[in-house]
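Here are my notes on the model you sent over.

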Amino acid sequence: VEQSGMAGKVGFDLYMRMLRKAIKKLGGLRLPIAGNTDIDLGSGEGSIMGANAFSIPASYISSEEENSRMVGEARLAEDSDELVRLTSEWKEVYGPLPAEMKRPLKDLHLHACTRLLGIDKVRLDKDGTAVLRAPGMRPRHWRMIEEEIKAKGGRSKTGVKKKVKVYFPERMKEAERREENAEAIIGGEVEKNEGDGPMEDEWEDGIEEDEQDGDSSGMRKFLAMGDDDEIPGLRIEGVGDLPVGERAEGLLKLLLPLAKIVKERTKEDDLRTMEQVEKRERREQWENNIKQGGGLKKNRVGYYEQPKKDS
(Lines give C-alpha, C1' and ligand atoms only; values in the text may rest on other atoms or scores of the structure.)
Protein backbone atom coordinates (compact mmCIF):
# COMPACT_ATOMS: atom_id res chain seq x y z
CA VAL A 1 0.00 0.00 0.00
CA GLU A 2 1.42 3.40 -0.97
CA GLN A 3 2.04 5.68 1.98
CA SER A 4 0.94 9.29 1.82
CA GLY A 5 1.74 12.51 3.69
CA MET A 6 4.81 12.85 5.92
CA ALA A 7 5.15 9.08 6.41
CA GLY A 8 5.36 8.68 2.64
CA LYS A 9 8.15 11.25 2.38
CA VAL A 10 10.50 9.88 5.04
CA GLY A 11 9.31 6.28 5.49
CA PHE A 12 6.84 5.01 8.06
CA ASP A 13 9.36 3.54 10.54
CA LEU A 14 11.50 6.68 10.65
CA TYR A 15 8.38 8.84 10.80
CA MET A 16 7.09 6.97 13.86
CA ARG A 17 10.50 7.10 15.54
CA MET A 18 10.69 10.84 14.97
CA LEU A 19 7.25 11.41 16.43
CA ARG A 20 8.06 9.26 19.46
CA LYS A 21 11.29 11.18 19.90
CA ALA A 22 9.43 14.49 19.70
CA ILE A 23 6.98 13.35 22.36
CA LYS A 24 9.89 12.45 24.65
CA LYS A 25 11.43 15.82 23.89
CA LEU A 26 8.30 17.51 25.25
CA GLY A 27 9.25 15.99 28.61
CA GLY A 28 12.46 18.04 28.55
CA LEU A 29 15.87 17.16 29.92
CA ARG A 30 15.64 14.14 32.17
CA LEU A 31 18.75 12.00 32.19
CA PRO A 32 18.28 8.47 33.54
CA ILE A 33 19.69 8.70 37.08
CA ALA A 34 22.37 6.11 37.86
CA GLY A 35 21.69 3.95 40.90
CA ASN A 36 25.36 4.09 41.84
CA THR A 37 28.69 4.88 40.20
CA ASP A 38 31.74 2.65 40.09
CA ILE A 39 34.62 5.15 40.38
CA ASP A 40 38.23 4.07 39.93
CA LEU A 41 40.74 6.93 40.00
CA GLY A 42 43.52 4.84 41.48
CA SER A 43 44.34 3.92 45.09
CA GLY A 44 40.63 3.69 45.92
CA GLU A 45 40.22 7.42 45.44
CA GLY A 46 36.65 8.50 44.75
CA SER A 47 35.18 5.12 45.69
CA ILE A 48 32.49 4.84 48.34
CA MET A 49 32.34 1.05 48.26
CA GLY A 50 33.74 -1.53 50.67
CA ALA A 51 36.54 -0.17 52.83
CA ASN A 52 35.91 3.30 51.37
CA ALA A 53 32.26 3.41 52.45
CA PHE A 54 31.27 6.68 54.10
CA SER A 55 31.13 6.66 57.89
CA ILE A 56 30.94 9.17 60.74
CA PRO A 57 33.38 8.81 63.66
CA ALA A 58 31.75 7.88 66.95
CA SER A 59 33.72 10.71 68.50
CA TYR A 60 31.66 13.15 66.40
CA ILE A 61 28.18 11.58 66.75
CA SER A 62 28.28 9.25 69.74
CA SER A 63 24.72 7.91 69.55
CA GLU A 64 24.89 4.72 67.50
CA GLU A 65 21.31 5.11 66.28
CA GLU A 66 21.75 8.77 65.32
CA ASN A 67 25.11 8.06 63.73
CA SER A 68 23.65 5.31 61.57
CA ARG A 69 20.71 7.49 60.53
CA MET A 70 22.95 10.39 59.50
CA VAL A 71 25.24 8.09 57.53
CA GLY A 72 22.20 6.75 55.68
CA GLU A 73 20.91 10.24 54.88
CA ALA A 74 24.31 11.29 53.55
CA ARG A 75 24.66 8.22 51.34
CA LEU A 76 21.15 8.69 49.93
CA ALA A 77 21.47 12.43 49.27
CA GLU A 78 20.06 13.15 45.80
CA ASP A 79 22.41 16.01 45.00
CA SER A 80 25.23 18.15 46.30
CA ASP A 81 22.86 20.81 47.67
CA GLU A 82 21.25 18.23 49.93
CA LEU A 83 24.66 17.20 51.25
CA VAL A 84 25.53 20.84 51.96
CA ARG A 85 22.27 21.27 53.88
CA LEU A 86 22.91 18.08 55.85
CA THR A 87 26.50 18.94 56.83
CA SER A 88 25.38 22.46 57.83
CA GLU A 89 22.92 20.87 60.26
CA TRP A 90 25.69 18.65 61.64
CA LYS A 91 27.89 21.68 62.29
CA GLU A 92 25.09 23.44 64.15
CA VAL A 93 24.32 20.42 66.35
CA TYR A 94 27.67 18.63 66.74
CA GLY A 95 30.25 21.31 65.96
CA PRO A 96 32.95 21.59 63.24
CA LEU A 97 33.48 18.56 61.02
CA PRO A 98 36.48 16.36 61.91
CA ALA A 99 39.33 16.55 59.39
CA GLU A 100 39.00 12.83 58.57
CA MET A 101 35.44 13.37 57.30
CA LYS A 102 36.25 16.01 54.69
CA ARG A 103 37.65 13.77 51.95
CA PRO A 104 34.90 11.11 52.29
CA LEU A 105 32.30 13.89 52.09
CA LYS A 106 33.85 15.17 48.87
CA ASP A 107 33.60 11.64 47.49
CA LEU A 108 29.87 11.66 48.37
CA HIS A 109 29.50 15.00 46.56
CA LEU A 110 31.21 13.48 43.53
CA HIS A 111 28.85 10.49 43.53
CA ALA A 112 25.81 12.74 43.88
CA CYS A 113 26.95 14.57 40.73
CA THR A 114 27.69 11.44 38.71
CA ARG A 115 24.35 9.83 39.60
CA LEU A 116 22.47 12.98 38.61
CA LEU A 117 24.29 13.00 35.27
CA GLY A 118 23.50 9.32 34.65
CA ILE A 119 27.15 8.25 34.97
CA ASP A 120 27.50 4.66 36.13
CA LYS A 121 31.25 4.20 35.74
CA VAL A 122 34.39 6.37 35.91
CA ARG A 123 37.88 5.20 35.03
CA LEU A 124 41.18 6.66 33.87
CA ASP A 125 42.50 5.99 30.39
CA LYS A 126 46.20 5.36 29.79
CA ASP A 127 46.76 8.99 28.80
CA GLY A 128 45.13 10.30 31.99
CA THR A 129 41.76 11.10 30.42
CA ALA A 130 38.81 10.40 32.67
CA VAL A 131 36.23 8.22 30.90
CA LEU A 132 32.78 8.76 32.37
CA ARG A 133 30.23 6.25 31.07
CA ALA A 134 26.61 7.43 30.78
CA PRO A 135 24.55 4.73 29.00
CA GLY A 136 21.31 6.76 29.02
CA MET A 137 22.74 9.98 27.59
CA ARG A 138 21.64 10.87 24.06
CA PRO A 139 22.49 13.69 21.64
CA ARG A 140 19.14 15.36 22.39
CA HIS A 141 20.10 15.55 26.09
CA TRP A 142 23.41 17.19 25.30
CA ARG A 143 21.77 19.67 22.94
CA MET A 144 19.49 20.79 25.78
CA ILE A 145 22.49 21.10 28.12
CA GLU A 146 24.35 23.22 25.55
CA GLU A 147 21.25 25.37 25.11
CA GLU A 148 21.18 25.99 28.87
CA ILE A 149 24.92 26.79 28.96
CA LYS A 150 24.46 29.29 26.13
CA ALA A 151 21.36 30.83 27.72
CA LYS A 152 23.26 31.33 30.99
CA GLY A 153 26.14 33.17 29.32
CA GLY A 154 28.38 30.40 28.03
CA ARG A 155 30.94 28.11 29.63
CA SER A 156 32.95 30.90 31.25
CA LYS A 157 29.85 32.19 33.08
CA THR A 158 28.49 28.78 34.09
CA GLY A 159 31.86 27.32 35.05
CA VAL A 160 31.56 24.35 32.66
CA LYS A 161 35.14 23.95 31.46
CA LYS A 162 35.99 23.34 27.81
CA LYS A 163 37.84 20.17 28.77
CA VAL A 164 34.48 18.61 29.72
CA LYS A 165 33.50 17.00 26.42
CA VAL A 166 30.66 14.72 25.45
CA TYR A 167 31.29 11.45 23.62
CA PHE A 168 28.86 9.50 21.43
CA PRO A 169 29.74 6.36 19.44
CA GLU A 170 29.60 6.76 15.67
CA ARG A 171 26.41 4.72 15.29
CA MET A 172 24.54 7.19 17.51
CA LYS A 173 25.89 10.21 15.67
CA GLU A 174 24.86 8.68 12.34
CA ALA A 175 21.35 7.91 13.63
CA GLU A 176 21.09 11.47 14.91
CA ARG A 177 22.09 12.90 11.51
CA ARG A 178 19.41 10.82 9.78
CA GLU A 179 16.76 11.96 12.22
CA GLU A 180 17.81 15.62 11.96
CA ASN A 181 17.32 15.40 8.19
CA ALA A 182 13.90 13.88 8.71
CA GLU A 183 12.94 16.59 11.20
CA ALA A 184 13.16 19.18 8.46
CA ILE A 185 10.53 17.23 6.49
CA ILE A 186 8.27 16.40 9.41
CA GLY A 187 8.35 19.99 10.67
CA GLY A 188 5.71 20.86 13.24
CA GLU A 189 3.70 17.64 12.99
CA VAL A 190 3.91 16.88 16.71
CA GLU A 191 3.46 20.49 17.85
CA LYS A 192 0.32 20.63 15.73
CA ASN A 193 -1.07 17.62 17.62
CA GLU A 194 0.39 18.50 21.04
CA GLY A 195 -1.96 17.73 23.91
CA ASP A 196 -4.22 15.41 21.90
CA GLY A 197 -4.87 12.42 24.16
CA PRO A 198 -5.40 9.83 21.42
CA MET A 199 -2.00 10.48 19.83
CA GLU A 200 -0.19 10.21 23.17
CA ASP A 201 -2.11 7.10 24.20
CA GLU A 202 -1.55 5.40 20.86
CA TRP A 203 2.23 5.72 21.11
CA GLU A 204 2.67 5.32 24.86
CA ASP A 205 3.70 1.69 24.60
CA GLY A 206 6.19 2.46 21.85
CA ILE A 207 8.02 5.14 23.82
CA GLU A 208 9.36 2.73 26.43
CA GLU A 209 10.51 0.35 23.72
CA ASP A 210 12.26 3.26 21.99
CA GLU A 211 13.78 4.65 25.20
CA GLN A 212 17.27 3.96 23.96
CA ASP A 213 16.49 5.74 20.66
CA GLY A 214 16.38 2.49 18.76
CA ASP A 215 19.54 1.13 20.40
CA SER A 216 18.39 -0.71 23.53
CA SER A 217 19.52 -4.19 22.47
CA GLY A 218 22.87 -2.90 21.21
CA MET A 219 23.44 -0.94 24.42
CA ARG A 220 22.81 -4.01 26.59
CA LYS A 221 25.32 -5.93 24.51
CA PHE A 222 28.05 -3.30 24.81
CA LEU A 223 27.44 -2.90 28.54
CA ALA A 224 27.82 -6.66 28.99
CA MET A 225 31.04 -6.56 26.95
CA GLY A 226 32.36 -3.54 28.88
CA ASP A 227 33.11 -1.78 25.58
CA ASP A 228 33.21 1.86 26.71
CA ASP A 229 33.98 3.07 23.18
CA GLU A 230 30.47 2.01 22.17
CA ILE A 231 28.76 3.66 25.16
CA PRO A 232 28.04 7.41 25.39
CA GLY A 233 29.38 9.60 28.18
CA LEU A 234 31.92 12.29 28.95
CA ARG A 235 35.65 12.57 28.37
CA ILE A 236 37.77 14.88 30.55
CA GLU A 237 41.46 15.24 29.81
CA GLY A 238 44.10 15.72 32.47
CA VAL A 239 42.35 14.18 35.48
CA GLY A 240 44.97 11.43 35.70
CA ASP A 241 47.74 14.05 35.70
CA LEU A 242 46.55 15.37 39.06
CA PRO A 243 48.40 14.08 42.13
CA VAL A 244 46.97 11.01 43.81
CA GLY A 245 44.62 12.23 46.50
CA GLU A 246 43.48 15.26 44.48
CA ARG A 247 41.82 13.55 41.51
CA ALA A 248 38.36 13.05 43.04
CA GLU A 249 38.22 16.68 44.19
CA GLY A 250 39.46 17.86 40.79
CA LEU A 251 36.80 15.82 39.00
CA LEU A 252 34.14 17.09 41.41
CA LYS A 253 35.01 20.72 40.60
CA LEU A 254 34.62 19.96 36.88
CA LEU A 255 31.26 18.17 37.25
CA LEU A 256 29.53 20.41 39.80
CA PRO A 257 28.62 23.22 37.35
CA LEU A 258 27.28 20.69 34.84
CA ALA A 259 25.23 18.90 37.49
CA LYS A 260 23.79 22.23 38.64
CA ILE A 261 22.63 23.05 35.10
CA VAL A 262 21.00 19.63 34.68
CA LYS A 263 19.26 19.88 38.06
CA GLU A 264 17.87 23.37 37.38
CA ARG A 265 16.70 22.52 33.86
CA THR A 266 15.10 19.27 35.02
CA LYS A 267 13.25 21.10 37.80
CA GLU A 268 11.94 23.68 35.31
CA ASP A 269 10.84 20.93 32.91
CA ASP A 270 9.07 19.05 35.71
CA LEU A 271 7.15 22.18 36.69
CA ARG A 272 6.07 22.75 33.09
CA THR A 273 5.01 19.13 32.77
CA MET A 274 2.96 19.37 35.97
CA GLU A 275 1.27 22.51 34.67
CA GLN A 276 0.39 20.73 31.42
CA VAL A 277 -1.00 17.72 33.30
CA GLU A 278 -3.06 19.94 35.62
CA LYS A 279 -4.35 21.94 32.66
CA ARG A 280 -5.38 18.76 30.87
CA GLU A 281 -7.07 17.37 34.01
CA ARG A 282 -9.03 20.62 34.47
CA ARG A 283 -10.11 20.51 30.84
CA GLU A 284 -11.25 16.88 31.13
CA GLN A 285 -13.12 17.62 34.36
CA TRP A 286 -14.82 20.59 32.75
CA GLU A 287 -15.84 18.47 29.75
CA ASN A 288 -17.19 15.73 32.03
CA ASN A 289 -19.20 18.27 34.03
CA ILE A 290 -20.64 19.65 30.81
CA LYS A 291 -21.61 16.20 29.57
CA GLN A 292 -23.16 15.15 32.88
CA GLY A 293 -25.06 18.42 33.20
CA GLY A 294 -26.49 18.16 29.70
CA GLY A 295 -25.60 21.77 28.95
CA LEU A 296 -23.14 22.54 26.17
CA LYS A 297 -22.43 19.94 23.52
CA LYS A 298 -19.29 19.42 21.46
CA ASN A 299 -19.71 20.17 17.75
CA ARG A 300 -17.87 18.43 14.93
CA VAL A 301 -14.90 20.84 15.03
CA GLY A 302 -14.36 20.41 18.77
CA TYR A 303 -16.01 23.50 20.22
CA TYR A 304 -18.81 23.50 22.80
CA GLU A 305 -22.07 25.23 22.01
CA GLN A 306 -25.64 25.32 23.21
CA PRO A 307 -27.68 22.51 21.62
CA LYS A 308 -30.20 23.73 19.08
CA LYS A 309 -33.78 23.64 20.30
CA ASP A 310 -36.37 21.88 18.19
CA SER A 311 -38.60 24.42 16.46
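Predicted model: local features only at pLDDT ≥ 70, side-chain atom pairs only at ≥ 80, totals over all residues.

1. The chain has 311 residues, and 41% of them count as buried. Its secondary structure comes to twelve helices and seven strands. Taking contacts with a separation of 6 or more, 74% are between residues 24 or more positions apart.

2. Start with the packing of α3 and α4. Their axes lie 10 Å apart, at an angle of about 155°. Angles over 145 degrees count as roughly antiparallel, and α3 and α4 are therefore roughly antiparallel to each other. On the α3 side the contact uses E66, M70, E73 and A74, and these meet L83, L86, W90 and Y94 of α4. Sorted by class, that makes six nonpolar and two charged residues, with no polar ones.

3. Next, the other neighbour of α4. Helix α5 (residues 99-116) and α4 have axes that come within 9 Å and cross at roughly 150°, so α4 is roughly antiparallel to α5. Here S80, L83, V84, T87 and W90 from α4 touch M101, L105, L108, H109 and A112 from α5.

4. W90 deserves a point of its own. Which residue does W90 pair with, ring to ring? The partner is F54: the two rings are stacked, 6.4 Å centre to centre, with 10° between the planes. For pairing, the centres have to lie within 6.5 Å. F54 sits in the loop between β1 (38-40) and α3 (64-75), while W90 belongs to helix α4 (residues 80-94), so the pair ties together parts that are 36 residues apart in sequence. Both residues are buried. The structure holds two aromatic pairs in total.

5. There is also a charge over a ring. The charged end of R235 sits over the ring of Y167, at 4.1 Å from the ring centre. R235 turns up again among the contacts of T129, which brings me to the next point.

6. Is T129 buried or exposed? T129 is buried, with a relative accessible area of 10%, although the residue lies in a loop, the one between β2 (121-124) and β3 (130-133). Leaving out residues up to four places away in sequence, T129 touches R123, L124, R235, I236, E237 and G238.

7. K263 and C113 are 150 residues apart along the chain, and their C-alpha atoms are separated by 9.7 Å. What does K263 touch, not counting residues up to four places away in sequence? The contacts are D79, D81 and L116.

Note on methods. Residues numbered from 1 in each chain as written. Heavy atoms only, no water. Phe/Tyr/Trp six-rings, centres within 6.5 Å; stacked < 30°, edge-to-face > 60°. Helix = DSSP H or I, 4+ residues; strand = E, 2+ residues; numbered from the N terminus. Buried < 20%, exposed > 50% of the residue type's maximum accessible area, 1.4 Å probe, protein only. Lys NZ or Arg CZ within 6 Å of the ring centre and 35° of its normal. Axes fitted to C-alpha atoms, helices over the stretch in contact; angles between N-to-C directions. Parallel < 35°, antiparallel > 145°, perpendicular 65-115°, else oblique. Contact = heavy atoms within 4.5 Å. Nonpolar A, V, L, I, M, F, W, Y, C, P; charged D, E, K, R; others polar.
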